[in-house]
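Here's a quick briefing on a predicted model. Have the structure open as you read.

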Amino acid sequence: LGWRKEEMISVVCIKQVPATESRIRIDKDGMDIDRSDLSYVVNPYDEFGVEEALRIKERFGGEVLVVTLGPPKAAEALRTCLAMGADQAIHIKTEGFPGINSLSTAMALAEVLRGTPCDIIFFGKQAVDDDNASVGIQVGEFLNLPHVAVINKLEIDISRKIAVAHRQIEGGLEVVETPLPAIFTCQKGLNEPRYASLPGIMKAKQKPLKEIGIGELKGLDTSPGLAIRSMSLPPKRESGRIIEGEPREAVRELVNLLREEAKAL
């Protein structure tokens, strides 16, 4: 990990997730979701990282590398990013290693990135399937890099080798200055991700996509770190109730229901 004066190499770590409009059903054995009819996309928050990396490349020059960890199907997400304009990709394949959790994911990504020269690393703030919101920060700790989470604006001063990140906090805005290289997790509002063009889609087929088996990574514990005992959908909500009558009486009845039935008071 190091700084180059005349150009910037950005890395974006992405995840392939079920499309947010997908209807989730539990598999017959109750141990997983039924994935047979699901459509998959690049995690929406990761797209902000891809777009920001592409804008940095357009401004300063350099390259954009996208990295993912997942089954063979995850290569589709990498090709989508290459079609958007990324230059090359790395796929850490997890086939044959069930139970990969956020910690082992972060360890694998860190091991690959440790030998990859780059100036800035982007993650989405969270994946919309598991919602752990932890992998990017864990990678930063493993690589001993500064990290700023949930940013919605990023300024880079290439002459001073620093970045200034803006992030919303409760009741205000926090501005963080950090030296580069650094890690940032991206939030909605950072930018508007572009669509892949037809020429971009055609070019993506020729761009390099390197495959690494997770079992090839040295010193990585690939034993199952997560065991699912059962899975179920949340109970259906009961239909609402309309309280008729005069406002004073209706309020009295509502308070009584909240206290006696809902146990909310």
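Start at the surface, where M31, L226 and I228 make up a nonpolar patch with about 260 Å² of accessible area together. A patch here takes residues with over 30% relative accessible area and no salt bridge, and joins nonpolar side chains (Val, Leu, Ile, Met, Phe, Trp, Tyr) within 5 Å and like charges within 9 Å. The areas are Shrake-Rupley values with a 1.4 Å probe, and for residues only the protein chains shown count as cover; a salt bridge is a Lys or Arg side-chain nitrogen within 4 Å of an Asp or Glu carboxyl oxygen.

**Ground rules**
- Residues are numbered from 1 along each chain as its sequence is written, and side-chain values use heavy atoms, with hydrogens and water left out.
- Because the model is predicted, local features need pLDDT of at least 70 and side-chain atom pairs count only at pLDDT 80 or more, while totals for chains, interfaces and linings use all residues.

**More on the patch**
- L226 sits in the loop between strand 12 (209-213) and helix 6 (247-260); helices (H or I, at least four residues) and strands (E, at least two) are DSSP runs, numbered from the N terminus.
- L226 is exposed, at 52% relative accessible area; exposed means over 50%, buried under 20%, and partly exposed in between (1.4 Å probe, protein chains only).

**The cores**
- The largest nonpolar core has 37 residues, and I120, F122, L154, I156 and F184 have the most contacts inside it.
- A nonpolar core is a set of buried Ala, Val, Leu, Ile, Met, Phe, Trp, Tyr and Cys residues joined through side-chain atoms within 4.5 Å.
- Setting aside neighbours within four places in sequence, F122 is in contact (heavy atoms within 4.5 Å) with V11, V12, C13, G49, E52, A53, I56, L154, F184 and C186.
- Apart from that core lies another, of 26 residues, with L109, V112, I121 and F123 among them.

**Helix 2**
- Helix 2 (residues 75-84) is mostly covered, with 7 of its 10 residues buried.
- Those buried residues are A75, A77, L78, C81, L82, A83 and M84.

- The L180 to P181 peptide bond is cis, with omega near 5°, and P181 lies in the loop between strand 10 (172-179) and strand 11 (182-186).
- N144 isn't a glycine, yet has a positive phi of about 55°; N144 lies in the loop between helix 4 (135-143) and strand 7 (147-151) and is exposed at 71% relative accessibility.
- V150 isn't a glycine either, and has a positive phi of about 55°; V150 is in strand 7 and is partly exposed at 25%.
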